[in-house]
Amino acid sequence: MGNVSPGAVPTPAPHSVADALALQQEGCARLGSLLYAQLLAGLAGDHEAGGLTAELLEGRSARPVHDALVLRLLGAVHRIVLDGRAAELAQFYPSAGGLVAGDPTPAFLAAVATHRREVEDGLARGVQTNEVGRAAVLVAGFALVARRTGLPLRLREVGSSAGLLLRWERYRYVAGAVEIGDPASPLVFDDVWIDGPPDRSGPLAVADRRGCDVAPVDALSDDGR
């Protein structure tokens with residue numbers, strides 16, 4: 001720091017792969033994703049030991065945190081699990097019907113070794129989150145805008161992936177005895193607000209919706225599903 005002139009803002013040191021693993025592990029732990037929190041702790045140990053995780057991730061990106069390198073790895077393997085091509089690992093994944101407790105790291109690394117070429121291809125692709133949980137936040141903001149303006153909404157989303165958030169008003173939101181949204185929706189948000197449900201008084205209509213994405217996902221296709 002002695003070479004930094006007064007008032008200058010030092011350039012932050014670039015993150016390493018180890019930083020990326022640690023940051024993602026911490027985020028998963030805080031958000032309650034216990035499977036990934038435990039898995040990433042195991043992968044961090046494998047990386048430190050110079051194992052397969054280090055072979056795959058080191059030298060692949062100059063900005064491993066910014067480029068979501070760890071999420072790319074998790075996503076590539078999750079796709080294989082969902083396709084039914086990693087039976088031993090699938091036992092740990094609730095999304096594949098798994099209920100097994102314990103350390104998933106050995107099974108994860110075995111699946112990576114078996115499908116290494118496919119995993120490496122996945123590391124070259126960007127991350128598509130398709131996170132419908134964000135709709136519970138959006139519904140509050142959209143309701144406020146509609147209530148204050150009295151106008152229908154025209155939705156525009158940059159980076160819309162499969163467009164799932166553009167359909168936020170078609171989901172069902174429950175808070176105690178209060179229900180808003182589509183009562184027939186199979187997607188239900190149940191008591192997700194700390195301070196109670198958002199104020200949905202007043203008209204709330206979507207006039208039209210449009211989204212764009214550099215690599216849009218067609219949810220009606222077999223591959224998109």
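Predicted model: local features only at pLDDT ≥ 70, side-chain atom pairs only at ≥ 80, totals over all residues.
Residues are numbered from 1 along each chain as its sequence is written, and side-chain values use heavy atoms, with hydrogens and water left out.

**Exercise 1.** Work out what kind of aromatic pair tyrosine 173 and tryptophan 193 make.

Step 1: Get the rule. Rings of Phe, Tyr and Trp (its six-membered ring) pair if their centres lie within 6.5 Å; planes under 30 degrees apart are stacked, over 60 edge-to-face, and the rest tilted.

Step 2: Apply it. The two ring centres are 6.1 Å apart and the planes sit at 35 degrees, so this pair is tilted.

Step 3: Place the residues. Tyrosine 173 is in strand 2 (residues 172–175), while tryptophan 193 is in the loop between strand 4 (188–190) and strand 5 (206–212), so the pair ties together parts 20 residues apart in sequence. Strands (E, at least two residues) and helices (H or I, at least four) are DSSP runs, numbered from the N terminus.

Step 4: Look around. Tyr171, Tyr173, Phe189 and Trp193 form one aromatic cluster.

**Exercise 2.** Decide whether histidine 47 is buried or exposed, and list what it touches.

Step 1: Recall the cut-offs. Buried is under 20% relative accessible area, exposed over 50%, and partly exposed in between (1.4 Å probe, protein chains only).

Step 2: Compare. Histidine 47 has 12% relative accessibility, so it counts as buried.

Step 3: Find the neighbours. Histidine 47 lies in helix 2. Leaving out residues up to four places away in sequence, histidine 47 touches Val17, Ala18, Leu21, Thr53, Ala54 and Glu58; contact means heavy atoms within 4.5 Å.

**Exercise 3.** Describe how helix 4 and helix 7 pack.

Step 1: Know what to report. Two packed helices are described by the angle between their axes and the distance between the axes.

Step 2: Read off both. The axes of helix 4 and helix 7 come within 8 Å and cross at roughly 135 degrees.

Step 3: Name the angle. Under 35 degrees is roughly parallel, over 145 roughly antiparallel, 65 to 115 roughly perpendicular, and the rest oblique. Helix 4 and helix 7 are therefore oblique to each other.

Step 4: Find who meets whom. Leu69, Arg72, Leu73, Ala76, Val77 and Ile80 in helix 4 meet Glu118, Val119, Gly122 and Leu123 in helix 7.

Note on methods
Axes fitted to C-alpha atoms, helices over the stretch in contact; angles between N-to-C directions.
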